[in-house]
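Biologist: I am new to reading protein models. Could you take me through one, feature by feature?

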Amino acid sequence: MDFDFDLYSRDTAQDPWPAIKAMQDAGPVLHNVRTGAYMVTTDKLARAVLTDTKRFTIEGTAVTIRFGREAFFGIDDKASHDKLRAIWMGAFTRNAVEALRPMITQLADEMIDPVQERLRAGEVVDLEAELCRSLPAYVIAHMMGVPMSYRDDVVRWSDALGAASVLPANADKQTHPAWLAAYKARDEIGEYLGEAIAHRRKNPGGTDLISQIVHSQHNLPDNVIISNSRQMLYAGNETTAKWLGHIVVALSERPDVRAEVIADPKLMPQALEEVMRWRPVVMASVRLAQPGGVEIEGVHIPEGKTIMPLVGCANRDPTRYEDPDTLNIHRKFQTNLGFGFGMHSCLGVTLARLEAQIVIERLLARIPDYDVAGEVIYNAFALRGPKVLPIALQKH
Ligand code: HEM
C-alpha cells in the first residue's frame, strides 16, 4: 500500500507519533511514495526482516559507507560477522561492564557538579550538552584506550557520522555538506586509529579494545581494525546519549514515575526499558532487498529497494503491547526492538543499560526536583533523541 511519509521534516523529528499511528493503521507493509522505500510496521514483520539476513541485507546500505566495508555491523555473512564480533564480546559481558561502574559513577558525578551549581543559581541548563551527549562518548573512548585529549574529538566525529545517517537515502553522497563532513570525520578517525594501531603493535600487552583487536588471534590488517574500531567509537555513544535524553524528558513528563523510581530504585531497570520501548532511539533500521526481489506479506519488494523495519511502530504494536502509547513501567515484560534483533542486535546493550542506570540514579539522587524548562529539540526521525534539553529546578 502506498503511503506518503515525510521522514525527514522538522515536524516529523519533533513529533513522529501521529505519523507512526497513521502508518500502523495503514497496514503492515507500506511503500513510501516520497522515497521509494518500503516500511514494515509490526513487531512480527520487523523481527522477520531483521533475522533474514540472506534476503534483507545490510551490505550496501549507508552503514557500509560510513564505517568501511570491513566493519562487522555491515557484514551479512554470519561466519565473517561473528568472527569479528567475537573479538570484543568478552568486553561487553555483564561482569566486564560492571567493572566500569566506579569510573562511570565518578564521571557522572563530576559532570553533574557544575550542572547542579548552575541550577541552584537559578539558571536553565541544557542537560544534553552538559551531560547526556558527552558521557557515553567518554566511556567508550576510555574502553578503547583513546586518551583524554581526544575525547571531545570522539563526540565531534560521531556527531558528523550521525548527521549523515539520518539523511534521505537519495541525498547526493558526493556533494551534500553532511556527507562531506561525515567523510572528513571518517578520515580523521582513520588517521587517529592508524597511529593508535601502530603504537599498539610496537607496545603489546594493553587491555583496551584497540589492543584487543590489534593482538587478536586473527592477525587482522590495519584497514579491518580501523573499520571495526571506527564503528565502535561511533555506535557506543550517540545512541546512549539520546536514550539518556529521552529518559530525562520522560521522568519530567511523568512525575508519578519519577517518584516511584526514587522511592524504589529496584524499578529503575524496567522503567528505563519501558522508555526504550515507548520512545526508541533507533526508530528505523535499514536493509536492502536482494537479487530477484523479496516477497513479504504478499507485497513484492524489487531488488535493491530499501526496507525499513520501523521500530517506532513495532514498539507500539497493539497486538504485542496493551495500551501501547502509554508509558507503563509495570507492564508485563516483553523484549522490545530498541536494541535491534538477530545477528546485528546491539553488542553494547549491557553497557548502555549500566550507563543509563548510573547516570539517572545519580541525577535523581542529586537533582530530584528538576523539570524540563523550555522546548526540547529533537534531531531527526531515524536516530531520534533530544539535541537540546533545557532543565531548571522546580519552583516550590
Ligand atoms: C541506548 C543505547 C543504544 C541503542 C539504542 C543501540 C541500538 C542498536 C541497534 C538498534 C542496533 C542494530 C541496528 C540494526 O540492526 O540495524 C545496534 C547495533 C550495534 N550496537 Fe548498539 N545501541 C546502543 C548502544 C551501544 C553501545 C554502548 C555500543 C558499544 C559500546 C553499541 C554497539 C553496537 C554495535 C557494535 C552494533 C552492531 C552489532 C552487529 O552488527 O553485530 N551500541 N545498536
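Modeller: Gladly. Let us begin with one pair of residues. Val-372 stands opposite Ile-391 in strand 13. Keep in mind that this is a predicted model.

Biologist: Which strands does that pair belong to, and how do they run?

Modeller: First the idea. Strands of a sheet pair through backbone hydrogen bonds, either parallel or antiparallel. Now the case. Strand 10 and strand 13 (residues 390–393) run antiparallel and are joined by 3 bridges.

Biologist: In what order do the strands of this sheet lie?

Modeller: The order is 5-13-10, in an open sheet of 3 strands with antiparallel pairing. Strand 5 (125–126) and strand 10 (370–372) are at the edges, and each has a single partner strand, so one side of each is left without a neighbour in the sheet.

Biologist: What other sheet can I look for?

Modeller: There is an open sheet of 6 strands, in the order 1-2-3-9-6-4. Its pairing is mixed. Strand 1 and strand 4 (56–57) are its edge strands, and each pairs on one side only.

Biologist: Where can I see the mixed pairing?

Modeller: Look at strand 9. Strand 3 runs parallel to strand 9, with 3 bridges between them. There, Met-39 is opposite Met-308 in strand 9. Strand 6 (residues 287–289) pairs with strand 9 in the antiparallel sense, over 2 bridges. Here Leu-288 has Thr-306 in strand 9 as its bridge partner.

Biologist: Which way do the side chains of strand 9 point?

Modeller: The rule comes first. In a regular strand the side chains alternate between the two faces of the sheet. In strand 9 (residues 306–309), Thr-306 and Met-308 point one way. Ile-307 and Pro-309 point the other way. All of them are buried.

Biologist: Which residues other than glycine have a positive phi?

Modeller: Most residues other than glycine have a negative phi, and most peptide bonds are trans. Glu-297 is one exception to look at, with a positive phi of about 50°. Glu-297 sits in the loop between strand 7 (294–296) and strand 8 (299–301). Asp-323 also has a positive phi, near 45°. Its loop lies between helix 17 and helix 18.

Biologist: Are Glu-297 and Asp-323 buried or exposed?

Modeller: Count the C-beta atoms within 10 Å: a residue with 12 or fewer is exposed. Glu-297 has 12 such neighbours, so Glu-297 counts as exposed. Asp-323 has 10 and is exposed too.

Biologist: Which residues come nearest to the ligand?

Modeller: There are 25 residues around the ligand, and Gly-236, Thr-239, Gly-340, Cys-346 and Gly-348 come nearest. Helix 13 (222–235), helix 14 (238–253) and helix 18 (349–366) each give two or more residues to this shell. The shell divides into 14 nonpolar, 10 polar and 1 charged.

Biologist: Now step back. How is the whole protein built?

Modeller: The protein has 18 helices and 13 strands. Its radius of gyration is 21 Å, close to the 21 Å that the globule rule gives for 396 residues, so the protein is as compact as a globular protein of that length. The C-alpha trace spans about 65 × 60 × 40 Å along its principal axes. Of the 396 residues, 45% count as buried. Among contacts between residues at least 6 apart in sequence, 70% join residues at least 24 apart.

Terms used:
Residues are numbered from 1 along each chain as its sequence is written. This is a predicted model: local features need pLDDT of at least 70, side-chain atom pairs count only at pLDDT 80 or more; totals for chains, interfaces and linings use all residues. Helices (H or I, at least four residues) and strands (E, at least two) are DSSP runs, numbered from the N terminus. The radius of gyration is taken over C-alpha atoms; the globule rule is 2.2 Å times the number of residues to the power 0.38. A residue is buried if 20 or more other C-beta atoms lie within 10 Å of its own, exposed if 12 or fewer, and partly exposed in between; C-beta atoms are placed from the backbone. Two residues are in contact if their C-beta atoms, placed from the backbone, lie within 7 Å. A residue is near a molecule or strand if its C-beta atom, placed from the backbone, lies within 6 Å of it. Ala, Val, Leu, Ile, Met, Phe, Trp, Tyr, Cys and Pro count as nonpolar, Asp, Glu, Lys and Arg as charged, and the others, Gly among them, as polar. Two strands pair if DSSP finds at least two bridges between them.
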